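Welcome! Take a look at the structure below, and then we can go through some questions about it together.

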Amino acid sequence: MGRIVQYALLFLATVFFLLPVYLVVVTAFKEPAAISLSTTWQPPERWYWESFTQAWTAFAPKLQNSFFLTVTATLLSALMGSLNGYVLAKWRFPGAHIVFPLMLFGMFIPYQAVLIPLFQFIRDIGLGGSLWGLILVHVVYGLPITTLIFRNYYAEIPDELVEAARMDGAGFFGIYRHVVLPLSLPGFVVVVIWQFTQIWNEFLFAVTLVSSPANQPITVALAQLAGGEAVKWNLPMAGALLAALPTLLVYIFLGRYFIRGLLAGSVKG
Amino acid sequence: MTRFFRKKDNFYGFLVILPSLVLLGVFVYGFILQTFLTSLTDWGRDPAQALSANPQIRFIGFENYRELFTGFVDARFRQDLANLFFFTVFFLIGCLGLGLALAIALDRGPRGEGFFRTVFLFPMALSFIVTGTIWRWMLQPEGGVNQLPTLVGLPKGDFAWLTSREQVWRFSWNDLPFFTALVVGLVLAFVAVSAFCGGQGRRGVVAAISAALVLLWGFTLGRSLQPLPYDEYHGFNLALIGIILAAVWQMSGYTMALYLAGLRGIPEELREAARVDGASEWQLYRYVIFPLLAPITLSAMIILGHISLKIFDLVFAMAGPDNAPTDVPALLMYITTFRANQIAKGAAIGIILLVMVALVIVPYLYRQLRSEVRR
């Protein structure tokens, strides 16, 4: 590949990847009256900030729902994943080699295959339509990936270290508390970023399990707004920016860990 | 039991992992079983019963599945399968091709590599809903992408991105058994040839005999096997092109990251050795680098393939749930179950999705975990 071809490809690809971003920004800053299909690409004549105030008023409660849901579910599933990973990496129990793949498969199933009983179950235990039902669901279906990432991460901790702690009289929880946990920070960063992004961006569970608008996460609210016909496009575009911002910030500031989680998501640790 | 509980620590380990195992057992395997049992009933067939507190549900066996594949009313499901097939093929080609090209271009050390990498990967951080909302606006029939040519003075495009009703490559559903046999037969023949070349004679013979049998069946009985009493045509809906475009935009950064990691793992000495032997740049890639990337391609195909089989939110956000030309099975399951209240039929679609995903994922998991044990 010659230099020219190389740079031409990179340039064209950059245009392809950034065009939508440009369009979102200029549309979000246009006055509703100035938005027309034939002038899509022109920059706004007057920068109009009110779209963001409007989008913020409409979406602030949904963003709050998303934050509460995402943070709670992420922390719970990371904690459980860490304990599970510790058990699977350091304590062999009979049948572990059967249990582990069965657990992992849960990560790949299409959730449509469990959605009907899940919907009924959440309703029957009285969590239908609430954020807590959604939190429970995200914690449970997050377990395979968090367990996998922690297991692969803890497998790198030398067995001698664990042995030494045991010689010093540390038991099961002592080893976790004094040896494994202090070494866990990078593992937690990867898992938390992965779960945060996944849960923030999730749609299928949110749209089926949360019916009341008061509890909707941002993805559902955005899909409904953009699906409406009479809406001016400045609002969905400003909303899309708001909905994208948290995960984009995570990606920009913690990109290295984001990519590590991404690659761990394809099973290899 | 006694052996297991002899050590206190083993007991604690068991205790710690037990809640997760129970939860996953119920939420994954229990619920799959329940969905399967539901799919064998007529729940929702009578609208009056669908939403009642104590619906009367009858067992009807595999009737829902039979209707989906060969029944008169469920033509939409069959078109969805065709959509899914074409979507998957082009999505894979797009992501693998663009990802590989970008990875090679980045691997050859351009200036500003970090910037390019950041740009190509950022869509991965977005929700399919956000991507869908943005691309829905990009692909408005009279605006967005269709207006792009006017920026350089050309007439505007007039492609009906998400609303087109045009179909190409139409085929009759009745030819499906034949085509399936043809594809399976050719794949088996390929396996046979590569087994012979790799010196695995017995495996080759088995594969060759299976290939011959499948092809023979396809050309004789397969031809006369007609699932439907009439011809029903399905094809590639051009409205899907916009969705494929958005999906490639979102996911090709992932293949780029995979390929780039792979390329960076190839030792420089190997490239040097090939160059010393007089290999041209093209030959270097053709005979040294691409073969080393083959396992990555396979992994990427499996991961992207299972994402594609499950695609739901992107279509929902781009074309809405009720746009038939861009419908896919995952979306149809949602509509059938939660809008039309045809619960048993929805369950059947869910199980069909599961089987398709399992066919892709189970061999993959098996291979990955086996190689891990060996390591």
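**Reading the predicted model**

Q: Why is B:Trp169 called exposed?
A: This is a predicted model, and in it B:Trp169 has a relative accessibility of 53%. Exposed means over 50%, so B:Trp169 at 53% counts as exposed.

Q: Where in chain B is B:Trp169?
A: B:Trp169 lies in strand β1 of chain B, which covers residues 167-172.

Q: What makes the phi of B:Trp169 worth a look?
A: Phi of B:Trp169 is near 55°, which is positive although the residue is not glycine. Most residues other than glycine have a negative phi.

Q: Which value does phi of B:Asn341 have, and where is B:Asn341 placed?
A: For B:Asn341, phi is near 60°, again a positive value in a residue other than glycine. B:Asn341 sits in the loop of chain B between α16 (329-339) and α17 (343-374).

Q: How many helices and how many strands does chain A have?
A: Chain A has twelve helices and zero strands. Read from the N terminus, its elements run α-α-α-α-α-α-α-α-α-α-α-α.

Q: What share of chain A is buried?
A: Of the 269 residues in chain A, 56% are buried; the label needs a relative accessible area under 20%.

Q: What share of the accessible surface of chain A belongs to carbon and sulfur atoms?
A: Carbon and sulfur atoms hold 69% of the accessible surface of chain A, which comes to about 11,400 Å².

Q: How far apart are the mean positions of the positive and negative charges of chain A?
A: The mean positions of its 14 positive and 11 negative charges are 4 Å apart.

Technical notes
Residues are numbered from 1 along each chain as its sequence is written. Chains are lettered from A and ligands numbered from 1 in the order in which they are written. This is a predicted model: local features need pLDDT of at least 70, side-chain atom pairs count only at pLDDT 80 or more; totals for chains, interfaces and linings use all residues. Side-chain values use heavy atoms; hydrogens and water are left out. Helices (H or I, at least four residues) and strands (E, at least two) are DSSP runs, numbered from the N terminus. Buried means under 20% relative accessible area, exposed over 50%, partly exposed in between (1.4 Å probe, protein chains only). Accessible areas come from the Shrake-Rupley method with a 1.4 Å probe; for residues, only the protein chains shown count as cover. Lys and Arg count as positive and Asp and Glu as negative; His and the chain ends are not counted. The place of a charge is taken as NZ of Lys, CZ of Arg, CG of Asp or CD of Glu.
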